[in-house]
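Subject: Structure handover

Hello,

Here is the structure I promised to pass on. Please open it beside this email and follow along as you read.

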Amino acid sequence: MTTNQSTILIYILFSMKKYLNIILVFAFLISCSEDNAYYSLEDYSKVKKTDVHIHIMSDRPYFVEKAKADNFHLVNVALEVNQGWNDVFIKYNYGKGQKEQNPETVDLVTAFAVSDFDDPAWEEKVISWLDSCFDEGAVGVKVWKNIGMVSRDTAGNLISIDDEKFDPVIDHIQKRGKTLMGHLGEPKNCWLPLEEMTTNNDRSYFEKHPEYHMYQHPEMPSHEDIVASTGRMLEKHPDLRFLGAHMGSLEYSVDELAKRLDKFPNMAVELAARMGQVFYQTVENREKVRKFFIKYQDRILYGTDLADNESITKEELEDNMESAWKRDWEYFVTDNEMESDLINSSFQGIKLPKDVVDKIFYENANTWFALNLKD
Ligand SMILES: [Zn+2]
């Protein structure tokens, strides 16, 4: 080798070393940004989260204690189940008691009754009740599936959410800067025979509650009728902040839900008790479901419908909470192959980027319920 050749070789080696360093730096940066872009299972309790759909019907502290340990803020939801104001008061007051103990962890959604819908004083009664709840800090109002499917006026007609008698109440909720949360209708499975239902949880619920299983009640409104009446209500109140509970009853198709969200820009949805339908659609087309969550990342809130009605022990309650919350965390943050008793096939997590997870699990609740949480 001549001196000249040696010089060139040394130069080449030196240059490669220089580039190698640059390559190593790039590889390091890429691996860091990969780490930064996604959460892991281990991040679960470190990351702030909100469950916007829970029901504590107890004075015991276990639900809130577990939520605090797992870094969850809670929105406790009242509703009228058993036809009447007393039911609303009982459910709201349980939530209020929990909030008094833990004002930093619990927020309240109130409700009103339609049992006296034809009473000329109904509107005034509802508005003054809602005002008293808002003055205590309630962030929203829930309307339940009894409207449209169960409750009737004195003439015997089903009460529908697009009835003009609701308009002043809804206008008032909007004027007070609060959110209307609507569980209107049921999952589409409700109109199918048990063996055609897509999720095991719906199948067992409607088996236990034949009174709500619309397949057995052909005289009742169809799924489409109820979705249409909610749409007519939203058309009358374009500035209302509306949160469609249970994926706005369009849980069976992210395509249909996307059309709905496109049509009503002041509508968001939460996921309570419909993860089975999300998993089911993930089996069919994971990429489509993943794209849906990314496209509508500002319009989806995490919720579960977890409840404490004192029917189970502290340990069982904590197990229920942790298994649902961790299952969903795994689905959203990893691409693990998963199984759930909600459906009969395995499915793969959709591994959403961190910023999307933060919106769905936390930030969107602050926006859509106008919560005033400290960072
Ligand atoms: Zn619920």
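T179 stands opposite R241 in β6. That places us in the pairing of strand β5 (residues 179–182) with strand β6 (residues 241–244). These two strands run in the parallel sense, and four bridges join them. One caution before you go on: this is a predicted model.

Now step across to the other neighbour of β6. Strand β7 (residues 267–270) pairs with β6 over three bridges, again in the parallel sense. Look for G244, which stands opposite V269 in β7. In general, strands of a sheet pair through backbone hydrogen bonds, either parallel or antiparallel.

Go to β2 next. Is β2 mostly covered or mostly open? It is mostly covered, with six of its six residues buried. F72, L74 and N76 point one way from the strand. H73, V75 and V77 point the other way. Residues on both sides are buried.

β2 has β1 as a partner, in the parallel sense and over four bridges.

β1, α2 and β2 make a right-handed β-α-β unit. β2, helix α3 (residues 85–101) and β3 make a right-handed β-α-β unit too. Trace each of them on screen.

Two residues in the loop between α2 and β2 deserve a look. D70 lies in this loop. Is D70 buried or exposed? D70 has a relative accessible area of 5%, so it counts as buried, the cut-off being under 20%. Leaving out residues up to four places away in sequence, D70 touches Y44, S45, K49, E322 and W325.

N71 is found in that loop as well, between α2 (62–69) and β2 (72–77). Its relative accessible area is 25%, which makes N71 partly exposed. Its phi is near 65 degrees. That is a positive value in a residue other than glycine.

M247 has a positive phi too, of about 60 degrees, although it is not a glycine. M247 lies in helix α9 (residues 245–248). With a relative accessible area of 1%, M247 is buried.

The zinc site

Which residues coordinate the zinc ion? They are H53 (NE2), H55 (NE2) and D305 (OD), at 2.1 Å. In sequence these donor residues are spaced H-x1-H-x249-D. H55 and D305 link distant parts of the chain, as they are 250 residues apart. H55 sits in strand β1 (residues 49–56). D305 sits in the loop between β8 (300–301) and β9 (306–308).

H55 is buried, at a relative accessible area of 10%. D305 counts as partly exposed, at 26%.

Cysteines

A disulfide is a covalent bond between the sulfur atoms of two cysteines. How many disulfides does the model have? The count comes to zero, taking a pair of cysteine sulfur atoms within 2.5 Å as the rule. Two cysteines to find are C133 and C190. C133 is buried, with a relative accessible area of 0%. C190 is also buried, at 0% relative accessibility.

Where to begin on screen

Start at the zinc ion with H53, H55 and D305. Follow H55 into β1, then cross to β2, the parallel partner of β1.

Best wishes

Terms used: Residues are numbered from 1 along each chain as its sequence is written. This is a predicted model: local features need pLDDT of at least 70, side-chain atom pairs count only at pLDDT 80 or more; totals for chains, interfaces and linings use all residues. Side-chain values use heavy atoms; hydrogens and water are left out. Donors are N, O and S atoms within 2.8 Å of the metal (3.2 Å for Na, K and Ca); water is not among the atoms, so sites may look incomplete. Buried means under 20% relative accessible area, exposed over 50%, partly exposed in between (1.4 Å probe, protein chains only). Two strands pair if DSSP finds at least two bridges between them. Contact means heavy atoms within 4.5 Å. A crossover is right-handed if, with the strands pointing away from the viewer, the path from the first strand over the helix to the second runs clockwise.
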